[in-house]
Number of protein chains: 2
Amino acid sequence: MNIPTNISEKIKELEGKPWQPIDIVTVNNQVIRLALFQGEYHWHKHQDEEEMFYVIKGEIIIKIKDNDDINLKEGEMVVIQKGVEHKPMSEIKSYVLLFEPEKLKSKGD
Amino acid sequence: MNIPTNISEKIKELEGKPWQPIDIVTVNNQVIRLALFQGEYHWHKHQDEEEMFYVIKGEIIIKIKDNDDINLKEGEMVVIQKGVEHKPMSEIKSYVLLFEPEKLKSKGD
């Protein structure tokens, strides 16, 4: 408790582990995760929860079914609404903070 | 919807407005706020909610009643547990993301 978490330190833990988020902190039944985005993830959606992406390093694309791609640069965040099918991808190594309910499985449905 | 929010742009809106958080995005009934920390805030606590601080620029101190100060540097985050009396302060201009329930008043009790 009361021990700060350093994101740069956490980034090191993700080396070679794309699309494998690690839990950073839990706050009010929400979990903040950190993930390395590299290459392509699969299409999925979250039926009951919104998901927030915040790019702290790099640049990602979130493809949205039947809608424009979202280009998310360093220092930018976006919320994906519930039920929206999406596919994250990144050509370069990008590090992204995810804000999700504790019960959410990143893999989606 | 689906429009990215650029944190650097939001920082500009806070010029000359310390301790006046602005709402950035809402996700699952939680709100992510951005605030300029400069000088001292008052002692307060949140009875029913946890509060997350993430320093994106600068360096802050969170004084904790009857406990050690928390020194939070750029890229570091910490969760303050419910009911814990705390007092944020910063000698320099620091920009902090706050993650709180929508209903929370930053001013506390």
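I began with A:Asn6, which stands opposite B:Glu76 in strand β7 of chain B. This is a predicted model, and I read every pairing below as such.

I then looked up the strands around that pair. Strand β1 of chain A, residues 5–6, is joined to β7(B) by two bridges, and the two run antiparallel.

Next I went to β7 of chain A. Here β7(A) pairs with strand β1 of chain B, residues 5–6, in the antiparallel sense over two bridges. In this pairing I found A:Glu76 opposite B:Asn6.

I asked which strand of chain A pairs with β7(A). I noted A:Glu51 opposite A:Ile80 of β7(A).

I checked how covered β7(A) is. The strand spans residues 76–80, and five of its five residues are buried. On one side I listed A:Glu76, A:Val78 and A:Ile80, and on the other A:Met77 and A:Val79; both faces are covered.

Last, I looked at the contact between the chains. Chain B puts in 26 residues and chain A puts in 26 residues. On the side of chain B that touches chain A, the elements giving two or more residues are β1, α1 (7–12), β2 (22–27), β6 (70–73), β7 (76–80) and β8 (86–101). With four residues, β7(B) gives the most to that side. I also noted the make-up of the residues on this side of chain B: 14 are nonpolar, nine polar and three charged.

Definitions and conventions: Residues are numbered from 1 along each chain as its sequence is written. Chains are lettered from A and ligands numbered from 1 in the order in which they are written. This is a predicted model: local features need pLDDT of at least 70, side-chain atom pairs count only at pLDDT 80 or more; totals for chains, interfaces and linings use all residues. A residue is buried if 20 or more other C-beta atoms lie within 10 Å of its own, exposed if 12 or fewer, and partly exposed in between; C-beta atoms are placed from the backbone. Two strands pair if DSSP finds at least two bridges between them. Two residues are in contact if their C-beta atoms, placed from the backbone, lie within 7 Å. Ala, Val, Leu, Ile, Met, Phe, Trp, Tyr, Cys and Pro count as nonpolar, Asp, Glu, Lys and Arg as charged, and the others, Gly among them, as polar.
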